[in-house]
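My notes follow in the order in which I looked.

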Amino acid sequence: MATVLTIDPDGMRFRINGRPVFLLGASYYGGLGASDGFIAADLADLRGLGFNWIRVWCTWGAFGRDVSAVGRSGEASEPGMSRLAALCERADGLGMVVDVTFSRGNGVVNPPLHGQSSHLAALRAVAERLKPYRNVYLDMGNERNILDRRFVRFEDLAELRRAIRDIDPDRLATASASEDIPLTDVSRYLLLAGVDFLAPHRPRSAGSPAQTAARTREYLDEARRVLGHPVPVHYQEPFRRDWRAWQPAAEDFVADLRGAIESGAAGWCFHNGDAQGRDDGRPRRSFDMSDDEGRLFDQLDDEERRSIER
């Protein structure tokens, strides 16, 4: 049976094959650069621990390795596009959801997209290729509110959303935001951009886990005010280790997850990435899972292993 992702009629939760679920996931950003063996082992380990989704970028280039599924003009690029489809198919067989994320880049991570025209073409190419896979949702613009090359206007998001619907009317889509979404912007995400759910990236500070429950309730209440019903609040990129000075422990990850669940959020992600304080970025975790670096589980530190086991 195919894995089909939908939103529950109550508006707050996701469903997989008609059953309400909480999406518990992991960052898998550079997954298109991982070997088939690495992917098979990582997904099997994640599924065994109760995880049911991953977040992979279709516009990813880091540490000199461009593994994007699209080229500079937004055209399909091989082998990335085929690897993206194969990853979605493997996840489908495991009953797992795949978040496929787009970004225009920030000068550090360097995906190929530059401007709305190439972004639109890329989104069309990916949406067309992934039509058979109902376990996929699209993040139209990672942290689209940051005022650098990543910035995507609400009007541009609306055009991107219309393009998705023209190709695949039932495909769920969002646009993620850096840190907390101002409540005054919720209506623009829902009414102008047309997202199906909110995807705020919470601040990465020691106080963040204690704030997540209250933030969730605020988003749900504001969506009710705007639409008359809530929409899922999906924490697809919380804090992580080796980002800046604060090193969250397993207890912080668990507290953040608990706050999300108890307040009615629809999903949460075990976020991970490179070590920013080191010149080589190692361990790079999901940012680089090439043969030289190893699969995701091989690159996690002891505290991260404690987190995901709990």
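Before reading off partners, I note that two strands pair if DSSP finds at least two bridges between them. I also keep in mind that this is a predicted model.

**Strand pairing.** I began with strand 5 and strand 8, which pair in the parallel sense over five bridges. Within this pairing I looked up Val56, and found that Val56 stands opposite Val100 in strand 8. I then turned to the partner of strand 8 in strand 9 (residues 136–139), where the two strands pair in the parallel sense over four bridges.

**Burial of strand 8.** I next asked how many residues of strand 8 (residues 97–101) are buried. The result is five of the five, so the strand is largely enclosed by the rest of the structure. In a regular strand the side chains alternate between the two faces of the sheet, and I therefore checked each side in turn. Both faces of strand 8 are covered, with Val97, Asp99 and Thr101 buried on one side and Val98 and Val100 buried on the other.

**Salt bridges.** My search of the whole structure returned 39 salt bridges, and I followed up a few of them.

The pair I took up to begin with was Glu237 and Arg55, whose closest N and O atoms are 2.8 Å apart.

I then looked at Glu251 and Arg306, which form a salt bridge with the closest N and O atoms 2.9 Å apart. This pair also links distant parts of the chain, with Glu251 in helix 7 and Arg306 in helix 9 (residues 302–309), 55 residues apart. Glu251 is partly exposed, with a relative accessible area of 39%, and Arg306 counts as partly exposed at 35%.

The last pair I noted was Asp298 with Arg295, where the closest N and O atoms are 3.9 Å apart; Arg295, at 16% relative accessibility, counts as buried. I also recorded a network in which salt bridges with shared partners join Arg65, Asp280, Arg282, Arg284, Asp288, Asp292 and Glu293.

Methods
Residues numbered from 1 in each chain as written. Predicted model: local features only at pLDDT ≥ 70, side-chain atom pairs only at ≥ 80, totals over all residues. Heavy atoms only, no water. Salt bridge = Lys/Arg side-chain N within 4 Å of Asp/Glu carboxyl O. Buried < 20%, exposed > 50% of the residue type's maximum accessible area, 1.4 Å probe, protein only.
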